[in-house]
Amino acid sequence: MTARFRRCGHGSGPMHPGDQKAVAEFTAMLAARQRPAPWTGCGDVAVRIGERGLERGRPLPEQQPDVDPVVLVVIHPDTETTLTGTLHCAKARIHGAWTDPYRLLTHALAGRELPVDIDLST
């Protein structure tokens with residue numbers, strides 16, 4: 001297990017390499033969140049769940065790229081195990097193409113369960 005924040009931002013002296021990694025991951029996540037890569041209809045997507053969370057969604061193989069809603073399953077960002085059954089997701093809920101910096105925003109990485117009543121239709 002890695003300690004994410006070892007010291008206050010006002011500490012003096014050089015940063016520990018672990019601190020530098022945490023700052024780099026957080027900065028990459030903010031940049032990806034502000035400027036998402038557009039989803040082209042193939043590959044994994046970042047789906048908005050709740051107010052701030054994003055989850056990794058994988059469209060079904062037979063999914064057509066121009067259909068709304070998109071039929072997908074939510075998967076774990078690291079292990080790629082399925083976390084939900086088939087969901088119908090409105091294209092308006094798709095934040096963009098999935099990139100690794102979004103891992104920090106997922107329920108799975110934080111050790112939280114997904115909401116039972118996920119509604120991605122709106």
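**Trp 98 and Tyr 102.** I started with burial here: Trp 98 is buried, and Tyr 102 is too (buried means under 20% relative accessible area, exposed over 50%, partly exposed in between, with a 1.4 Å probe and protein chains only). I then searched the whole structure for aromatic pairs and found one. Its rings belong to Trp 98 and Tyr 102, with centres 5.8 Å apart and planes at 55°, so I noted the pair as tilted. For the record, rings of Phe, Tyr and Trp (its six-membered ring) pair if their centres lie within 6.5 Å; planes under 30 degrees apart are stacked, over 60 edge-to-face, and the rest tilted.

**Ground rules.** I am working with a predicted model, where local features need pLDDT of at least 70, side-chain atom pairs need 80 or more, and totals for chains, interfaces and linings use all residues. Residues are numbered from 1 along each chain as its sequence is written, and side-chain values use heavy atoms, leaving out hydrogens and water.

**Confidence.** I looked up pLDDT (the predictor's confidence in each residue, from 0 to 100). The chain has a mean of 78, and 84% of its residues reach 70 or more. Confidence is lowest in H1, with a mean of 74, and highest in strand S3 (residues 70-75), at 89. Helices (H or I, at least four residues) and strands (E, at least two) are DSSP runs, numbered from the N terminus.

**Asp 44.** Where does Asp 44 sit? I found Asp 44 in the loop between helix H1 (17-34) and strand S1 (45-49). Its relative accessibility is 15%, so Asp 44 counts as buried. Beyond four places in sequence, the contacts of Asp 44 include Trp 39, Ile 75 and Trp 98, contact being heavy atoms within 4.5 Å.

**Strands around Arg 56.** I followed Arg 56 into the sheet next. Arg 56 in S2 is the bridge partner of Ala 46, and Arg 56 also stands opposite Ile 75 in S3. S1 and S2 pair antiparallel over five bridges, while four bridges join S2 to S3, also antiparallel; pairing takes at least two DSSP bridges. Six of the seven residues of S2 (residues 53-59) are buried, so S2 is largely enclosed by the rest of the structure.

**Cysteines.** Is Cys 42 buried or exposed? Cys 42 is exposed, at 56% relative accessible area, whereas Cys 89 is buried, at 0%. I counted zero disulfides, taking a pair of cysteine sulfur atoms within 2.5 Å as the rule.
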